[in-house]
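Dear colleague,

I am passing on the structure below, together with notes on what came out of going through it. Please read the notes with the model open beside you.

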Amino acid sequence: MLQFLFPLKNFSTPESVLLLILRLLFGILLMWHGLTKMSNFESLVATFPNPLGLGSRFSLYMIIFVEVFCSVGVIFGAFYRLALIPMIFSMCVAFVVVHRGQPFAAKELAFIYLVVFVLLFAMGAGKYSLDNIIAVRLYEERTAMATTIVEEAIAHRQRDSEHPTDGEPHQ
């Protein structure tokens, strides 16, 4: 699970800069949508779509969570993949269900977000992210732990070779 959440990838600087720009750009844009919904909550709640049958109010709460809080995770690259999963899901719902039967122009923004979020999910957060900092620390801890285990095993073998336990008395 930690490998999924915090994959340790070797990103080049240009890749990481591009990922950072995309995270900032699309994260801030989607967060702006959510903040607008949050500030107009009472006027939106009566007319907000209910695509999954959970109620307009709950649907609005969920999309605000996705658009504001998950966007913050993407912007900072914190729990990046976990943040992108509801973002991808919400864009699928918007594209396929909410805008069903409408011309592509009405679906276009949801489609663009969907494509970018899927690509970001596949690529990873890049080296300029909190997840990468966590991944490096986890790798260092695992490496240190593995080194300690190997050193202890070597020391144990050396002790065993110095003091054989084949049943013969020591002299």
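Asn40 is partly exposed, with a relative accessible area of 35%; here buried means under 20% relative accessible area, exposed over 50%, and partly exposed in between, with a 1.4 Å probe and protein chains only. From Asn40 to Gly55 there are 15 residues in sequence and 17 Å in space, taken C-alpha to C-alpha.

Please keep in mind that this is a predicted model, in which local features need pLDDT of at least 70 and side-chain atom pairs count only at pLDDT 80 or more, while totals for chains, interfaces and linings use all residues. Residues are numbered from 1 along each chain as its sequence is written, and side-chain values use heavy atoms, with hydrogens and water left out.

Overall fold

The protein has seven helices and zero strands, and from the N terminus on its elements run α-α-α-α-α-α-α. Its radius of gyration is 25 Å, well over the 16 Å that the globule rule gives for 171 residues, so the protein is more spread out than a compact globule; the radius is taken over C-alpha atoms, and the rule is 2.2 Å times the number of residues to the power 0.38. Along the principal axes, the C-alpha atoms fill a box of roughly 90 × 40 × 30 Å. Of the 171 residues, 32% count as buried.

Salt bridge

The structure holds one salt bridge, a term that stands for a side-chain nitrogen of Lys or Arg within 4 Å of a carboxyl oxygen of Asp or Glu. The partners are Glu67 and Lys37, whose closest N and O atoms are 3.0 Å apart. This pair links distant parts of the chain, with Glu67 in helix α4 and Lys37 in helix α2, 30 residues apart, and both Glu67 and Lys37 are buried.

Nonpolar patch

A nonpolar patch on the surface is formed by Trp32, Leu35, Met38, Leu52, Leu54, Phe58, Met62, Phe65, Phe69 and Phe89, which together have about 1,000 Å² of accessible area. Patches are made of residues with over 30% relative accessible area and no salt bridge, like charges being joined within 9 Å and nonpolar side chains (Val, Leu, Ile, Met, Phe, Trp, Tyr) within 5 Å; the areas come from the Shrake-Rupley method with a 1.4 Å probe, and for residues only the protein chains shown count as cover. Helices α2 (13-39) and α4 (56-76) each supply at least two residues of the patch, and α4 gives the most, with four. Phe58 lies in helix α4 and is partly exposed, at a relative accessible area of 40%. Met62, another member of the patch, has its C-alpha atom 15 Å from that of Val98, 36 residues away along the chain. Val98 is found in helix α5 and is partly exposed, with a relative accessible area of 28%.

Aromatic rings

The count comes to seven aromatic pairs, where rings of Phe, Tyr and Trp (its six-membered ring) pair if their centres lie within 6.5 Å, and planes under 30 degrees apart count as stacked, over 60 as edge-to-face and the rest as tilted. One of these pairs, Phe95 with Phe111, is tilted, at 5.2 Å centre to centre and 35° between the planes. The pair links distant parts of the chain, Phe95 being in helix α5 and Phe111 in helix α6 (residues 104-123), 16 residues apart. Phe95 is buried, with a relative accessible area of 19%, whereas Phe111 is partly exposed, at 33%.

Ring pairs also link Phe26, Tyr113 and Phe117 into a cluster. Tyr113 lies in helix α6 and is buried, with a relative accessible area of 4%; its C-alpha atom is separated by 8.0 Å from that of Ile88, 25 residues apart along the chain.

Two charges sit over rings, in the sense that NZ of Lys or CZ of Arg is within 6 Å of the ring centre and within 35 degrees of the ring normal. The charged end of Lys107 sits over the ring of Phe95, 5.5 Å from its centre, and Arg81 lies over the face of Phe121, at 5.2 Å from the ring centre.

A backbone detail

Phe79, in the loop between α4 and α5 (80-98), has a phi near 50°, a positive value in a residue other than glycine. Most residues other than glycine have a negative phi. At 44% relative accessibility, Phe79 counts as partly exposed.

With best regards
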